[in-house]
Amino acid sequence: MRDAVKQLWPEIDWIGNAQLREQVTETWVKALERSPLKASDLDRIPFTLLIPNCPITFMEHKRCVVHIARASAEAMQSFMGRALPVDMDTVIAGAILADVGKLLEYELDPNGQSRQSERGEALRHPFTGVALALECGVPDAVCHIVAAHAAEGDLVKRTTEAYIVHHADFMAYLPFKNPKNVKTR
Ligand SMILES: [Fe+2]
């Protein structure tokens, strides 16, 4: 399972702190062990159930968010870092873990399509994601990003790192809500 996680997430190597790298890897391993989805499903299923005929896969979207978050954090650090410190490891780890709970939110229907499970309806992925991450010793500052990355987090006082991941996530999602933006093959 560790090899599967390494293959899914080359970006885990961007995390400088070895302990955090291990905690993030372990969280994804646990999620895959407990999920009805296999690692290979993540390169096939759409990244969201909220857009009909979504053309982008789960992994394409998740990795894109991590890349946007890192680039944004670098820009903020170089222009505003003296007043607004950004912890790069926290941003990267939080972005990699933001949607890990979807592995417990989704299930596959008899046709192999993803859908929300009964558990997923009760506990959306920010909640299951935090539960998995805490079990693996992920620090609170990173769990805060998982908890607050989606709409649930609008009631939370977000850290700078959580704002970065939240906006990276929505930047790579909201344009798909306007069908005029989307190129269909
Ligand atoms: Fe999410």
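The conversation below concerns a predicted model and turns to its metal site, its charged side chains and its cysteines.

Visitor: Which residues coordinate the iron ion, and at what distances?
Guide: The donors follow the spacing D-x25-H-x23-H along the chain. In this predicted model the iron ion is coordinated by Asp99 through OD, and by His125 and His149 through NE2, at 2.0 to 2.2 Å.

Visitor: How many residues apart in sequence are the parts that Asp99 and His125 tie together?
Guide: Asp99 and His125 both coordinate the iron ion. Asp99 sits in the loop between α4 (88-97) and α5 (102-105), whereas His125 belongs to helix α7 (residues 125-135), so the parts that this pair ties together are separated in sequence by 26 residues.

Visitor: Which residue forms a salt bridge with Glu22?
Guide: The structure holds 9 salt bridges, and in the one formed by Glu22 the closest N and O atoms are 3.0 Å apart. Glu22 lies in helix α2 (residues 18-34) and its partner in helix α1 (residues 2-8), so the pair ties together parts that are 20 residues apart in sequence. Glu22 is partly exposed at 37% relative accessibility, and the partner, partly exposed with a relative accessible area of 40%, is Arg2.

Visitor: How many residues apart in sequence are the parts tied together by Glu135 and Arg34?
Guide: Glu135 and Arg34 form a salt bridge whose closest N and O atoms are 2.8 Å apart. Because Glu135 lies in helix α7 and Arg34 in helix α2, the parts that the pair ties together stand apart in sequence by 101 residues.

Visitor: How far apart are the closest N and O atoms in the salt bridge of Arg124 with Glu152?
Guide: Arg124 is partly exposed at 28% relative accessibility, and Glu152 is partly exposed with a relative accessible area of 24%. In the salt bridge that joins Arg124 to Glu152, the separation of the closest N and O atoms is 2.6 Å.

Visitor: Which polar backbone atom lies 2.8 Å from the side chain of Glu161?
Guide: Glu161, in helix α9, is buried yet has no salt bridge, the nearest side chain of opposite charge being that of Arg158 at 11 Å. Leaving aside neighbours within four places in sequence, Glu161 is in contact with residues including Pro85, Asp87 and Ile145. The atom lying 2.8 Å from a polar atom of the Glu161 side chain is the backbone nitrogen of Asp87.

Visitor: How many disulfides does a search of the whole structure find?
Guide: A disulfide requires two cysteine sulfur atoms within 2.5 Å. The sulfur of Cys136 has its closest cysteine sulfur in Cys143, 9.4 Å away, which is too far for a bond. Cys136 is buried at a relative accessible area of 11%, and Cys143 is buried at 6% relative accessibility. The number of disulfides found in the whole structure is 0.

Terms used: Residues are numbered from 1 along each chain as its sequence is written. This is a predicted model: local features need pLDDT of at least 70, side-chain atom pairs count only at pLDDT 80 or more; totals for chains, interfaces and linings use all residues. Side-chain values use heavy atoms; hydrogens and water are left out. Donors are N, O and S atoms within 2.8 Å of the metal (3.2 Å for Na, K and Ca); water is not among the atoms, so sites may look incomplete. Helices (H or I, at least four residues) and strands (E, at least two) are DSSP runs, numbered from the N terminus. A salt bridge is a side-chain nitrogen of Lys or Arg within 4 Å of a carboxyl oxygen of Asp or Glu. Buried means under 20% relative accessible area, exposed over 50%, partly exposed in between (1.4 Å probe, protein chains only). Lys and Arg count as positive and Asp and Glu as negative; His and the chain ends are not counted. A polar contact is a pair of N or O atoms within 3.5 Å; within protein, one must be able to donate a hydrogen and the other to accept it, and residues adjacent in sequence count only if both atoms are side-chain atoms. Contact means heavy atoms within 4.5 Å.
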